[in-house]
Amino acid sequence: MTGDRPTGRLHIGHYVGSLRRRVELQNAGDYKKMFVFIADAQALTDNMDNPEKVRQNVIEVALDYLACGLDPEKVTLFIQSQIPELCELSFYYMDLVSVSRLQRNPTVKTEIQMRGFESSIPVGFFTYPISQAADITAFKATTVPTGEDQKPMIEQATEIVRRFNYIYGETLVEPAILLPDNAACLRLPGTDGKAKMSKSLGNCIYLSETADEVQKKVMSMYTDPEHIHVSDPGHLEGNTVFTYLDAFCRPEHFERYLPDYPNLDELKAHYQRGGLGDMKVKRFLNNILQEELEPIRQRRKEFEKDIPAIYDMLHRGCEDARAVAADTLDDVRRAMKINYFDDAELIAEQAKRFKESAE
Ligand code: TRP
């Protein structure tokens, strides 16, 4: 179970960080069920004044999912806000988390700083780790494939599960995060070399961008500022072009686009020795990215032709997801002893007790 906030189109950081993996997992078929959702309610926790932005991006994210190869026949795709059970679950989890624990959540902490929320944090934003725990546990998820930035959220969810099971009895499933196995994919930097891809910095390469736009961004990417002449030795640390190659390059790319080199290690060694120009490396990266992104762009164009069909698919996904979440809520209500009307034993026992005391 995993998902994304619909605050913009998805970019290649999302792709290597999690999307690519989800499609592999879907096709490997090792999981009985997979859920991928669009976290619109969570997006509203810091976009409450811009509902139109969230609404427009729901379809963008859905298109990006389908374009990447997520298949609604194999994965339940749905929209968070359409599952009221998630709110109910969050409400109960709020009893299990302290204010200071939320304040210590590193993601909440940095996001509060970034957004300048300081003391005016909306309660919904402050408590979104709780709601995210509800997202995950409502589907009894064992595995959450996501970026490294979500680690504190999974930890918080795990704590909630343990506390719930300890107090109310074994009911919920502990989730484990599934991170990319390649360090470059954990946190793909922006094209300007800045730590994170972000729309406001304009340093993202979007999955839906045209070939020309991608090429332009690759050709102006940040490399090594000390690598001025081709003959100068170049540095790899913080060199965005090489970080992207670490994330995207496969051995067969050399045969196709750069047969002078047997592999990435040799290319790096030449760059470090001097004598290898940035432009040559950038052209190589551009070829690789175009090869990876072209089928995604083509599929997106096809899906864009029938938007109503995508809403129908999401609608069905919401119904399926809701049924699963409702089953979990049945278990939760029973464990928390708030299942009054389906507990014949409780009613019989109380009837007996009151009868006895009346006699
Ligand atoms: N926090 C995630 C993001 O910012 C979105 C999200 C919400 C999520 N609930 C989740 C991811 C549950 C994985 C599992 O993109």
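Me: Which side chain is joined to that of Glu52 by a polar contact?
Reply: This is a predicted model, in which local features need pLDDT of at least 70 and side-chain atom pairs count only at pLDDT 80 or more, while totals for chains, interfaces and linings use all residues. Residues are numbered from 1 along each chain as its sequence is written, and side-chain values use heavy atoms, with hydrogens and water left out. A polar contact is a pair of N or O atoms within 3.5 Å; within protein, one must be able to donate a hydrogen and the other to accept it, and residues adjacent in sequence count only if both atoms are side-chain atoms. At 2.5 Å, the partner of the Glu52 side chain is that of Gln56.

Me: In which helix does Glu52 lie, and is Glu52 buried or partly exposed?
Reply: Helices (H or I, at least four residues) and strands (E, at least two) are DSSP runs, numbered from the N terminus, and Glu52 lies in α3, residues 51-68. Buried means under 20% relative accessible area, exposed over 50%, and partly exposed in between (1.4 Å probe, protein chains only). Because its relative accessible area is 42%, Glu52 is partly exposed.

Me: Why does Gln26 count as buried?
Reply: Gln26 has its place in helix α1, residues 12-28. A polar atom of its side chain lies 2.7 Å from the backbone nitrogen of Asp71. Gln26 counts as buried because its relative accessibility is 6%.

Me: Which residues is Gln26 in contact with, leaving aside its neighbours within four places in sequence?
Reply: Contact means heavy atoms within 4.5 Å. With those neighbours left aside, the partners of Gln26 are Met34, Gly69, Leu70, Asp71, Lys74 and Val75.

Me: How many residues of each class does the shell around the ligand have?
Reply: A residue is near a molecule or strand if one of its heavy atoms lies within 4 Å of it. The residues around the ligand are Thr2, Gly3, Asp4, Arg5, Phe37, Ala39, Gln42, Gln132, Asp135, Ile136, Val144 and Gln150. Ala, Val, Leu, Ile, Met, Phe, Trp, Tyr, Cys and Pro count as nonpolar, Asp, Glu, Lys and Arg as charged, and the others, Gly among them, as polar. By class, the shell has four nonpolar, five polar and three charged residues.

Me: What share of the ligand's accessible area does the protein cover?
Reply: Nitrogen atoms of the ligand lie 3.0 Å from a polar side-chain atom of Gln132 and 2.9 Å from an N or O atom in the side chain of Gln150. An oxygen atom of the ligand is 3.3 Å from an N or O atom in the Arg5 side chain. Accessible areas come from the Shrake-Rupley method with a 1.4 Å probe; for residues, only the protein chains shown count as cover. Of the 370 Å² that the ligand has on its own, the protein covers 91%.

Me: Within what arc do the buried residues of α4 fall?
Reply: In helix α4 (residues 85-93), the buried residues are Glu85, Leu86, Leu89, Ser90, Tyr92 and Tyr93. The arc is that of the directions from the helix axis to the C-beta atoms. Seen down the axis of α4, its buried residues line one face of the helix, because they fall within an arc of 160°.

Me: Which residues are exposed on the other side of α4?
Reply: What covers the buried residues of α4 includes α8, α9 (151-168) and α16 (307-335). On the other side of α4, the exposed residues are Cys87 and Phe91.
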